[in-house]
Amino acid sequence: MTNIESIHARKILDSRANWTVEAEINGILGASPAGASTGTHEVPTVPAEVACDFINRKIKKAFLNHEINQKEIDRKLKFLTGKIGSNGAIATSFAVYNFLWSQNTERKSVFPYPLGNVFGGGAHGGACDMQEVLLCPKNAKTFPDAVQKMTDAYHELKKELKDIGLSVGMNDEGALTATIGFMELMDILKPIADHNGCAIGLDIAASEMYRHNKYYYKQKDQFLSEDEQIDFVNHLIKKYRLFYVEDPMNEDDFDGFSEILSKNKKTLVCGDDLTTTNTQRIHKAVKKINAMIVKPNQIGTVSQTVEAIKLCKKTRITPVMSHRSGETTDATIARMALDFESPIIKCGIADMRTAKINELLRLWDKTEKPKMAKI
Ligand code: PGA
Ligand code: ZN
């Protein structure tokens, strides 16, 4: 049994140059990420300085010299999220988790497949209406090979876009950006994905384009009704053999998700803003989705995140551990993906996003008989 001997929180910068919370417990760190296309049902944040101040006074007083027990600490943090926000809660909870991880040498050996954001737009910057075009190296037999296939495809896409004369940039998630029609981009990407053994996924983040009961595509200046959105998503799944579609419909349209799943049983129809890592919302989504994004800061603590993962597994929903668009080099989610057996981890490919991938590469290297998950 180890006690909390020191606890301190400070402000640090995230990848968008916004302040976020870093907590330090017995010298071990945990930092909160931040979303830009946040779901309405997420636990709210508070300003980083407010969270830090509360941790440094009240939390310190309550927790100092108490046993480092994840469940116990998270139970208290859960009731304090109104004061410290999901950002203060998750930074503290991550620091506890990372401390316990550092003390325990027993490791799981089944590694997640990376699902990397290769081309982006929407709330993360870029002309594309679709928030994220994703690659999953499903044919890879090892984690390093998966990273190789995904990055080869990333570099090839970048080169092809430059070769046709486009100015290629990078957005908040380190994904490529360019002014190109979405279908044209997909037509270029599909053969690149195929010959690198990658399947294509999309995060449509449909709530971001939902206006007056319609979906607005700004590149084409076009509104789609709910039925037209469903038809469009079904068409994309078929045309590009999508293995994964996240948030294809507005965040409260459980039935819309269900309709897409009913016609595409082999595709992972994934909730993010729909479910917000919240067990109450997962209960509502059972049989309507078959995959779910797991973002610990949507709900506030590691223990609540683990409950959400367990409920997913019980209800035949594939958990997909995920980064946020505002990140730090904190790699807690990489450890959690391995620890709680999430078969997929959604991450960035380039930029400071490599922190998560690099942690899994290190862990793969240190594991005696590592294996890839079944997806
Ligand atoms: P975020 O969005 O900007 O809220 O992190 C990422 C996502 O929608 O998956
Ligand atoms: Zn999403």
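This note walks through a predicted model, point by point.

1. **Overall build.** Start with the whole chain. It contains 11 helices and 18 strands. Its radius of gyration is 20 Å, close to the 21 Å from the globule rule for 375 residues, so the chain is as compact as a globular protein of that length. Along the principal axes, the C-alpha atoms fill a box of roughly 60 × 50 × 40 Å.

2. **Burial.** How much of the chain counts as buried? The figure is 57% of the 375 residues. Keep that in mind for the residues below.

3. **The zinc site.** Now look at the zinc ion (ligand 2). Three residues coordinate the zinc ion: D203 through OD, E246 through OE and D272 through OD. The distances run from 2.0 to 2.2 Å. Along the chain, the donors follow the spacing D-x42-E-x25-D. Where do E246 and D272 sit? E246 is in strand β13 (residues 244-246). D272 is in the loop between β14 (268-271) and α7 (279-285). The two are 26 residues apart, and the pair links distant parts of the chain. Are E246 and D272 buried or exposed? Both E246 and D272 are buried.

4. **The cavity.** Searching the whole structure for cavities of 30 Å³ or more turns up one. The largest cavity has a volume of about 70 Å³. Its lining is made of G35, A36, S37, H124, Q131, E132, E173, K295, H323, R324, S325 and K346. Sorted by class, that lining has one nonpolar residue, six polar and five charged. Which domains supply the lining of the largest cavity? Domain 1 (7-103) and domain 2 (110-372) each give at least three residues.

5. **The pocket.** Turn to the open space. The largest pocket holds about 350 Å³. Its lining has 14 residues. Nearest the centre of the pocket lie K71, S303, Q304, V306 and E307. Two or more lining residues come from each of the helices α2 (70-103) and α9 (302-314). By class, the lining of the largest pocket splits into four nonpolar, four polar and six charged residues. Domain 1 (7-103) and domain 2 (110-372) each contribute at least three residues to this lining.

6. **K158.** Find K158 in helix α3 (residues 143-163). Why does K158 count as partly exposed? The reason is its relative accessibility: K158 is at 29%, and the partly exposed class lies between under 20% for buried and over 50% for exposed. Then check K158 against G169. They are 11 residues apart along the chain, and their C-alpha atoms are separated by 9.3 Å.

7. **T354.** Finish with T354, in helix α11 (residues 354-366). Buried, exposed or partly exposed: what is T354? With a relative accessible area of 26%, T354 is partly exposed. T354 and T329 are 25 residues apart along the chain, with 8.4 Å between their C-alpha atoms.

Terms used: Residues are numbered from 1 along each chain as its sequence is written. Chains are lettered from A and ligands numbered from 1 in the order in which they are written. This is a predicted model: local features need pLDDT of at least 70, side-chain atom pairs count only at pLDDT 80 or more; totals for chains, interfaces and linings use all residues. Side-chain values use heavy atoms; hydrogens and water are left out. On a 1 Å grid over the protein atoms alone, a cavity is a set of points where a 1.4 Å probe fits but cannot get out, and a pocket is an open set with protein on both sides within 12 Å along at least five of seven lines; lining residues have an atom within 4 Å of a point. Grid points are joined across faces, edges and corners, and a volume is the space filled by probe spheres set on the points. Ala, Val, Leu, Ile, Met, Phe, Trp, Tyr, Cys and Pro count as nonpolar, Asp, Glu, Lys and Arg as charged, and the others, Gly among them, as polar. Domain bounds come from an automatic or database domain assignment. Donors are N, O and S atoms within 2.8 Å of the metal (3.2 Å for Na, K and Ca); water is not among the atoms, so sites may look incomplete. Helices (H or I, at least four residues) and strands (E, at least two) are DSSP runs, numbered from the N terminus. Buried means under 20% relative accessible area, exposed over 50%, partly exposed in between (1.4 Å probe, protein chains only). The radius of gyration is taken over C-alpha atoms; the globule rule is 2.2 Å times the number of residues to the power 0.38.
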